[in-house]
Amino acid sequence: MSKIKRFRLLIIGKTGCGKTTILTKVCGEDVADRPSEARGVHDIERELVFRDNNKLIVHDSEGFEAGKKHEVNIVSDFIERRSAMEDINQRLHMIWYCMETKSRPIQHAEREFFSNQKQVPVIAVFTKFEIFVQDVLQELEEATDEEEQDDELEIQAAKTAESRFNGNHRAQLEALPFPPKAIVTLSRTHVSRPEDSRLSELLLQTTTALSSPNDDPAISPERRKEQRELRDLFVTAQVADIQLKVEFAIAACMDRGYGALWRRPIDRKEMIDFWNIGCSSCNPRAFALLDSQLHQHVDFSPRIVGHPKSQDLEHILQWNEQLRMCAQLEQLVIDSVIIMKHIFLLRTKDSDVVKRLIEWYDSQSTTAKRVREVLVDEHSRNPHAQTGLNPQKLIALVNTLDLEVPHIVLATADAEPSQMVSSRLGLWHDCSRC
Ligand SMILES: Nc1nc2c(ncn2[C@@H]2O[C@H](COP(=O)(O)OP(=O)(O)OP(=O)(O)O)[C@@H](O)[C@H]2O)c(=O)[nH]1
Ligand SMILES: [Mg+2]
């Protein structure tokens with residue numbers, strides 16, 4: 001069991017640059033709605049914890065105004081102290097340094113920040129990038145005659161803004177002694193989906209910054225394991241990017257799954273843990289319930305490739321035996337991950353609803369049929385292969401399937417899952433104190 005319980009993030013940025021907006025999207029909770037997180041209130045020492053997300057702790061700092069040496073010192077001391085802490089749960093794991101994208105060059109405070117070495121990875125986040133593009137568009141409009149089409153100008157403005165940003169902001173930051181691990185631009189974060197605002201890019205870069213390079217012999221196996229756990233914890237904690245959860249869940253399962261080809265029940269720890277619903281370590285009861293329901297309905301379903309009752313059994317029996325087992329495992333993993341994605345999106349806490357959802361997926365879902373079809377097609381092309389598909393192919397398959405609306409009929413007349421029902425059935429408990 002991992003000893004790391006919460007991911008500790010420091011978010012720095014001048015007031016109004018969009019820090020709370022980013023946090024709200026990443027944590028899935030309206031941080032600004034809570035009185036203690038009123039705009040402009042900052043105390044870097046204060047731990048921001050979230051009601052429904054127990055895997056994340058955030059420290060919020062308003063950054064540095066020119067000439068305020070005292071604030072620079074407070075932040076520097078905090079980072080130095082927190083990054084040296086013995087206890088990994090007290091240690092700082094990541095810094096997002098936010099700046100509003102302006103046409104003026106990088107400020108003195110930023111230059112100073114990235115001139116000192118830190119023991120914690122830093123990602124530079126340029127917010128409100130669309131305003132920067134808008135300013136360039138206005139400039140182009142003023143300089144162009146009426147003939148030019150609006151949409152052509154918009155494309156040109158986006159390109160010009162991008163190249164100005166790369167030539168100025170990015171180049172200046174990258175030339176500093178200790179540049180950020182990554183530079184990400186965000187647009188319309190307050191009103192867009194994570195993939196449109198590029199928030200997904202911030203999450204992806206954060207996981208990359210947490211990964212230790214494979215070829216660095218100076219990193220001990222323990223440190224490497226710790227980094228991996230931190231990265232997985234971050235993927236679990238964030239709720240903005242579902243594709244990232246899918247990717248990590250499938251990659252982790254396939255990594256270990258092929259090693260235990262014959263084993264049933266399959267190990268569903270990663271498949272479940274990344275969704276932060278029935279977490280195996282902090283909520284073992286919920287985990288066991290989900291695990292056993294998935295096992296009952298998915299592992300022995302007649303849908304599974306090679307099931308004795310399936311109509312195409314004769315065809316499947318022509319495949320190499322090892323390949324048959326690989327295809328079965330791939331199907332079990334994909335089925336479980338898609339079901340977890342549905343449970344996550346439904347935000348249901350009712351174990352009866354969960355049970356019905358799993359039954360629906362197994363018996364009626366067209367997505368499940370599609371998954372089977374794709375796997376049979378893929379493997380039929382090379383029936384004598386001894387290995388399964390590349391995990392990237394499985395990830396792409398799941399992430400390109402449209403979400404299907406489940407048809408679930410609830411037993412109770414008052415379909416709204418009530419607090420009482422969920423606590424009686426005991427699937428969930430309040431794990432905010434775990
Ligand atoms: N145009 C635009 N506005 C944004 C964007 N992100 C956030 N905002 C708006 O900017 C304002 C400030 O955002 P906050 O998230 O409260 O900023 P903050 O950094 O937390 O501010 P303080 O708590 O005062 O430090 C809000 O009105 C947001 O809706 C963006 O990408 N584009
Ligand atoms: Mg704020």
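This is a short walk through a predicted model, from the overall fold to the core and then to one helix.

Start with the overall picture. The protein has 434 residues, and 38% of them count as buried. DSSP runs give 17 helices and six strands. If you take contacts between residues at least 6 apart in sequence, 74% of them join residues at least 24 apart.

Now for the inside. The largest nonpolar core holds 96 residues, and the members that touch the most others are Y97, V125, A249, I250, V333, V337 and V398. Helix α13 (residues 321-346) is the top contributor to this core, giving 11 residues. Domain 1 (7-237) and domain 2 (242-425) each supply at least three residues to the core. For a closer look, pick A249: leaving out residues up to four places away in sequence, A249 touches E270, M271, F274 and V337.

Which residues of α2 are buried? They are V75, I79 and R82. Looking down the axis of α2, the buried residues fall within an arc of 80°, so they line one face of the helix. As for what covers the buried residues of α2, the list includes strands β1 (7-12) and β3 (53-61).

Methods:
Residues are numbered from 1 along each chain as its sequence is written. Chains are lettered from A and ligands numbered from 1 in the order in which they are written. This is a predicted model: local features need pLDDT of at least 70, side-chain atom pairs count only at pLDDT 80 or more; totals for chains, interfaces and linings use all residues. A nonpolar core is a set of buried Ala, Val, Leu, Ile, Met, Phe, Trp, Tyr and Cys residues joined through C-beta atoms within 7 Å. A residue is buried if 20 or more other C-beta atoms lie within 10 Å of its own, exposed if 12 or fewer, and partly exposed in between; C-beta atoms are placed from the backbone. Helices (H or I, at least four residues) and strands (E, at least two) are DSSP runs, numbered from the N terminus. Domain bounds come from an automatic or database domain assignment. Two residues are in contact if their C-beta atoms, placed from the backbone, lie within 7 Å. The arc is that of the directions from the helix axis to the C-beta atoms.
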